[in-house]
Amino acid sequence: YEWRKNGLMLEQLGTKIHPHYGVFAPIRNEYLDLVAEAPLPSTKLAFDIGTGTGVLAALLVRRGMAKVVATDTDARAIACATDNVDRLGLAKQISVIQTDLFPPGRAPLIACNPPWIPAQPSSRLEHAVYDTDSRMLCGFLNGVGAHLEAGGEAWLVLSDIAEHLGLRSRDELLAWISHGGLRVLG
């Protein structure tokens, strides 16, 4: 409640994000540095898959992206991202839509920060951290190629905690990436 009311200051954005209950709160936000520093393949359009609070979409716009389509399946995340986009004055650059993974069309950049742990969530708060049977991760990896423009990039922002906990092997993740017709550039 306090985070939603007061917001979380994010240096990478230079402002606050207001997480809603049941939506991942970016209190540990080192991953935002990766998104803030990686060279953009284009500044015309990006998709933010599983947007949550909308933090990646906002960060991409702050970096110069002209348009971001932010998606999520969860109604709470859609409400949260929409609230943050409006609060930040970015509604003209960011469209928030409720859909399973990808919006229609193709983009030169598709970013995704999926839940990290392949396990069944036991509460509303765990949905942003636990990905049952790696459904979202595999769905992203299997579908992203069909939504990338030629020469485009997919940014998978994923913690390696599942590998450290022995819940998924690095080889398994690399096989899923390869099966999706993708290759790791960095």
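Trainee: Quick one to start: are Phe 102 and Phe 140 buried or exposed?

Mentor: Phe 102 and Phe 140 are both buried. Buried is under 20% relative accessible area, exposed is over 50%, and partly exposed is what falls in between (1.4 Å probe, protein chains only). Keep in mind that this is a predicted model, where local features need pLDDT of at least 70, side-chain atom pairs count only at pLDDT 80 or more, and totals for chains, interfaces and linings use all residues. Residues are numbered from 1 along each chain as its sequence is written, and side-chain values use heavy atoms, with hydrogens and water left out.

Trainee: Got it. How many aromatic pairs does the structure hold?

Mentor: There are 2 aromatic pairs. Rings of Phe, Tyr and Trp (its six-membered ring) pair if their centres lie within 6.5 Å, and planes under 30 degrees apart are stacked, over 60 edge-to-face, the rest tilted. Phe 24 and Trp 116 make an edge-to-face pair, with 5.4 Å from centre to centre and 85° between the planes.

Trainee: Where do Phe 24 and Trp 116 lie?

Mentor: In two loops: Phe 24 is between strand E2 (15–17) and helix H2 (30–37), while Trp 116 is between strand E6 (107–112) and helix H5 (135–143). The pair therefore ties together parts that are 92 residues apart in sequence. Those helices (H or I, at least four residues) and strands (E, at least two) are DSSP runs, numbered from the N terminus.

Trainee: And how exposed are those rings' residues?

Mentor: Phe 24 is partly exposed, at 23% relative accessible area. Trp 116 is partly exposed too, with 22%.

Trainee: What about the pair of Phe 102 and Phe 140?

Mentor: Phe 102 and Phe 140 are stacked, 5.9 Å centre to centre with 20° between the planes. This pair also links distant parts of the chain, 38 residues apart: Phe 102 is in the loop between strand E5 (94–98) and E6, and Phe 140 is in helix H5.

Trainee: Which other non-glycine residue has a positive phi, near 55°?

Mentor: That's Ser 134. You'll find Ser 134 in the loop between E6 and H5, buried at 4% relative accessibility.

Trainee: Switching to helices. How many of the residues of H3 are buried?

Mentor: H3 is mostly covered, with 7 of its 8 residues buried. Those are Val 55, Leu 56, Ala 57, Ala 58, Leu 59, Leu 60 and Val 61. Just after H3 comes Gly 64, which has a positive phi of about 115°.

Trainee: And which residues of H4 are buried?

Mentor: In H4 the buried ones are Ala 77, Ile 78, Cys 80, Ala 81, Asn 84 and Val 85. They cover an arc of only 165° around the axis, so they are on the same side of H4. The arc is taken from the directions from the helix axis to the C-beta atoms.

Trainee: How far apart are the end C-alpha atoms of H4?

Mentor: They are 18 Å apart. That agrees with the 18 Å that the 13 residues of H4 (residues 75–87) should span at 1.5 Å a residue. The expected span is 1.5 Å times one less than the number of residues.
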